[in-house]
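This report goes through one protein model, topic by topic. Please keep the sequence and the 3D view at hand while reading.

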Amino acid sequence: MLKITHYGDVTRFDLARTLAGRGRYWTTAYLVDGTLVDTGCAHSAPELLEALRGMALARIVNTHTHEDHIGANGPLQRRAVGRSRPGRQDGLEILAHPLALPVLADPRERQPLHPYRRFMWGWPEPSRGQPVSDGAVIETPRYRFQVLYTPGHSSDHICLYEPRQGWLFTGDLFVGGQDRALRAGYDIWQIIASLKRVAALPATRLFPGSARVRDNPAQALEEKIAYLEALGERVSALHRQGRSVSEIVRALLGGPMLIEFITLGHFSRRRLVLSYLGKNDESSSRRTDRAGTGSGTEDSGEG
Ligand SMILES: [Zn+2]
């Protein structure tokens, strides 16, 4: 499913797999002055390609390599190669953080997907990227986008900032709401540090990787940072009192969430608490619970 919204020179594509006539787990791509920021998931790639037909497209910039942001890279690059001049193989330029390039080149090998991710978003096709690092400037005919390295949601995450327009493209660093869960591999303290970095910019409009566009970026970002820091302080305080991860989850994050069942605990309240405690890898959750004072067995469905 695909919806198009215009924000001046920025065209927003909301993209999702269609199930039972409805779009599920939406993600967002933006086209501005011939540059496409992210490309949605593999399931929505044919619709995005169709929507982009006839629009000028000079390059793609990927904010990060999660499968719901790179899904049309390969098909778009292939289509461009077919149209490029004889002898020119590059087709469509794709820019991403250096850490992203091996994932773009071989998503199946470098980013194995749990069944729920394959179902919701699908396997991306390989694509060829060029590195773009913190401090770089990406020029389009009318705009200049500054690249900011903003790890935490993933290690290869970047944001784009256009200072004259005040546009901030945050990928998945910022989405709205008060997080109660986190996915394995995210780093909540890095996320907070990256949020603080972009919150210091005098941005006037925030274009997130999902959720709605914000016209008061500083307020939205500061509210998010304040919530996450306050939650972190409460997690740390309970941890210092010797409370187990399970007890901290119950005390601070409420009851079970649908996303925990859908993802078989890959995305959970428990992962959020563990990340606050500095444990972001897949295996640490069970070790921590065994070491804790509470029973781990009742949480086995969470991670
Ligand atoms: Zn993501």
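A residue counts as buried when its relative accessible area is under 20%. The model described here is predicted.

## The zinc site

Four protein residues donate atoms to the zinc ion: H64 through NE2, H66 through ND1, H153 through NE2 and D172 through OD. These donors lie 2.1 to 2.3 Å from the zinc ion. The angles subtended by the 4 donor atoms run from 87 to 173°, so the arrangement is irregular.

Along the chain, the donors follow the spacing H-x1-H-x86-H-x18-D. H66 sits in the loop between β5 (59–61) and α2 (73–83), while H153 sits in the loop between β9 (144–149) and β10 (158–162), so the pair ties together parts 87 residues apart in sequence. H66 has a relative accessible area of 8% and is therefore buried. H153 is also buried, at 8% relative accessibility.

## Helix α10

Just after α10, G278 takes a positive phi of about 85°.

## Cavities

Rolling a probe the size of a water molecule over the atoms shows where empty space is left. The model has 3 cavities of 30 Å³ or more. The largest cavity holds about 40 Å³ of space.

Its lining consists of R183, A184, G185, Y186, R271, L274, S275, K279, N280 and D281. Helix α10 gives the largest share of this lining, 3 residues. By type, the lining residues of the largest cavity divide into 3 nonpolar, 3 polar and 4 charged.

Technical notes
Residues numbered from 1 in each chain as written. Predicted model: local features only at pLDDT ≥ 70, side-chain atom pairs only at ≥ 80, totals over all residues. Heavy atoms only, no water. Helix = DSSP H or I, 4+ residues; strand = E, 2+ residues; numbered from the N terminus. Donors = N, O, S within 2.8 Å, 3.2 Å for Na, K, Ca; no water. Tetrahedral: all angles 85-135°; square planar, octahedral: opposite > 155°, others 65-115°. Buried < 20%, exposed > 50% of the residue type's maximum accessible area, 1.4 Å probe, protein only. 1 Å grid on protein atoms, 1.4 Å probe; cavity = no way out; pocket = protein on both sides within 12 Å on 5 of 7 lines; lining within 4 Å. Points joined across faces, edges and corners; volume = space filled by probe spheres on them. Nonpolar A, V, L, I, M, F, W, Y, C, P; charged D, E, K, R; others polar.
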